[in-house]
Amino acid sequence: MASEKNRRSGRRGQPLRRRVAGVTPLQTVAVKPPAVRAPDLKAKTAQDKAQAEDNRPHSDLYRPGAFLDLPPEAAAYDRARVVVLPMPLEESVSYGGGTARGPEAIIAASQQVELYDSRRDAEPALTWGVHTLPPPGVLAESRKKIAAAEALAAIEAEAGKHLQAGKFVLGLGGEHTASLGLARAVAAVLGDFTLVHIDAHADLRQEYQGDPLSHACVVRRIAELPQCRRVLQLGIRSTSRDQADYCREHEERDGPRPFIRTWYAWELHRDKRWRKELRRLVKGERVFFSFDVDGLDPAVIPATGTPEPDGLTWRQLLRIADIVAGNARVVAADCVELAPASGLHYAEFAAARAAYELLIRFLEKW
C-alpha cells in the first residue's frame, strides 16, 4: 500500500499529475512547469532610480516638529530646550551597513512614541520643547559617501552653534564616528567633560583598516581631546588586546589622562556593585552621553551593523541614565549605529523610545 506521501506527490522521477474538472478519473493531465521570464531591464532601471531617490534625505522628517511629531508651539526654536541634530554619516562601516538611514528611521518611529510618562504624570516633551534640525552641511546634500573629516567639521560647527545658544543637543546617527564631531563641539564651547559611553565595543583602536577616523576608533579620538577628563564605558563585550591594554594604562586616577573605567557586560549582569562606582565617578561632572544601540542586547535592537549577544537590558540602560542624570549635568547626548532593516521596525521604535527616555531623565535638571 502506497504511503500518504507517495499518494500526494506521485512516484519519484515522474511528472506530478492532477485531476482536472471535466476529465474522467482515468484521464490525467501533466502539470507544465511555469514559464521562465527574462528579466525586465526597464523595471530594474526604475527600481534603481527609486532607490537612488530614496537615498536623498526626506525633508518632511526634518521639519521643526518632526521628532516626536510635536505641535508647532512645542517645536519652535526659541522655546525649545532641546535640538535634535541628524548625523547621517556612513563612511567607515566594516560589517553590516545602513547607518546613513538611521536618523530618518528614528525620527519616523518617534512619531509613534507616546509623550505621556506615567512615572512623572506628565508629557515632558511638551514642557521643554524639541526642535528638529536638518542634517548639517555636506550631510544635508545626499547620503552618498562623504569624507569623515568633512562631515565631522560640519557636525561640530552646527552643534557648537546650538550649545552656545544654551540648547541641549541630541545627535542621531549615523555611524559612531559622528559622535566625535559632537564631542568636539562640547569641548570647544563648554570645556572639560566626562564621556559616558554605552556600547558593545570599546572603540579604542588607534586605527582600523588604516583609518584613524573609523567608527572603531571614535572613543580613542574623543579620549585624546584635552578637555576629556574621564571615559566611563558600560556594556562592553567585544574588544581587542591592544584596547584592553590601553584601558589598563589609563585606569589609575593619578595616571595618564583621561581616566578610563570600563564595565564589561558580564560585570553589570553579575551584581549591582557597578552602580555605586558609577555614581561616584559622575558626581558633579559635565557629561556627554554617547549611546550606541548595539550596547543593548540584540533581542531589543537587532538592527545594527555589529550586533553582539549578551547585551544590556532595557532596564539596565534606564538605570544607567538615572544614575548619570541624578549625579551629573548631561549637556549633550547621541543615539547612533541604528541600521534599519526590513521587517525589524520594532528596532527603530526601540531606538526612538530610548532617545526619548534619555531626554526625559537628562532634562529634569535643566
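# Briefing: sheet and helix packing in a predicted model

Residues 24 or more positions apart account for 78% of the protein's contacts with a separation of 6 or more, where contact means heavy atoms within 4.5 Å. This is a predicted model, in which local features need pLDDT of at least 70 and side-chain atom pairs count only at pLDDT 80 or more, while totals for chains, interfaces and linings use all residues. Residues are numbered from 1 along each chain as its sequence is written, and side-chain values use heavy atoms, with hydrogens and water left out. The protein has 13 helices and 10 strands; helices (H or I, at least four residues) and strands (E, at least two) are DSSP runs numbered from the N terminus. Of its 366 residues, 50% count as buried, meaning under 20% relative accessible area, with exposed over 50% and partly exposed in between (1.4 Å probe, protein chains only).

**The sheet**

- Eight strands form an open sheet in the order E4-E3-E5-E10-E9-E6-E7-E8, with parallel pairing; two strands pair if DSSP finds at least two bridges between them.
- Strand E4 (130-132) and strand E8 (259-264) are at the edges with a single partner strand each, so one side of each has no neighbour in the sheet.
- On average, neighbouring strands of this sheet are turned by 15 degrees against each other, direction ignored.
- Strand E3 (residues 82-87) and strand E5 (residues 168-173) run parallel and are joined by six bridges; Val82 has Phe168 in E5 as its bridge partner.
- Helix H12 packs on the sheet and touches strand E6 (193-198), strand E7 (228-236), strand E9 (286-292) and strand E10 (329-336). The direction of H12 makes about 170 degrees with that of E9; axes are lines fitted to C-alpha atoms, for helices over the stretch in contact, and angles run from 0 to 180 degrees between N-to-C directions.

**Strand E6**

- Six of the six residues of E6 are buried, so this strand is largely enclosed by the rest of the structure.
- In a regular strand the side chains alternate between the two faces of the sheet.
- In E6, Phe193, Leu195 and His197 point one way, Thr194, Val196 and Ile198 point the other way, and all are buried.
- E6 pairs with E7 in the parallel sense over six bridges, and Leu232 in E7 is the bridge partner of Val196.

- Two packed helices are described by the angle between their axes and the distance between the axes.
- The axes of H12 (residues 314-327) and H13 (residues 345-362) come within 9 Å and cross at roughly 25 degrees. That makes H12 roughly parallel to H13, since angles under 35 degrees count as roughly parallel, over 145 as roughly antiparallel, 65 to 115 as roughly perpendicular and the rest as oblique.
- H12 passes H13 in a right-handed crossing. A crossing is right-handed if the near helix is turned clockwise from the far one by less than a right angle, and left-handed if anticlockwise.
- Residues of H12 that meet H13 include Trp314, Leu317 and Leu318, and those on the H13 side include Ala350, Arg353 and Phe362.
- The contact of H12 with H13 has nine nonpolar, no polar and four charged residues. Ala, Val, Leu, Ile, Met, Phe, Trp, Tyr, Cys and Pro count as nonpolar, Asp, Glu, Lys and Arg as charged, and the others, Gly among them, as polar.
- H11 (residues 273-282) packs with H12 at an angle of about 35 degrees, with the axes 9 Å apart, and passes H12 in a right-handed crossing.
- Trp274, Arg275, Leu278, Arg279 and Val282 of H11 meet Arg319, Ile320, Ile323, Val324 and Asn327 of H12. By class, this contact has six nonpolar, one polar and three charged residues.

**Helices H6 and H7**

- H6 (residues 148-164) and H7 pack at an angle of about 40 degrees, with axes 8 Å apart, and are therefore oblique to each other.
- H6 passes H7 in a right-handed crossing; the residues of the contact divide into 12 nonpolar, three polar and two charged.
- Ala183 lies in H7 (residues 178-190) and, at 0% relative accessibility, counts as buried.
- Ala183 touches Phe193, Ile222, Leu225 and Phe288, not counting residues up to four places away in sequence.

**Helix H4**

- Eight of the nine residues of H4 (residues 102-110) are buried, so H4 is largely enclosed by the rest of the structure.
- The buried residues of H4 pack against E3, E4, E5, E10 and H13.
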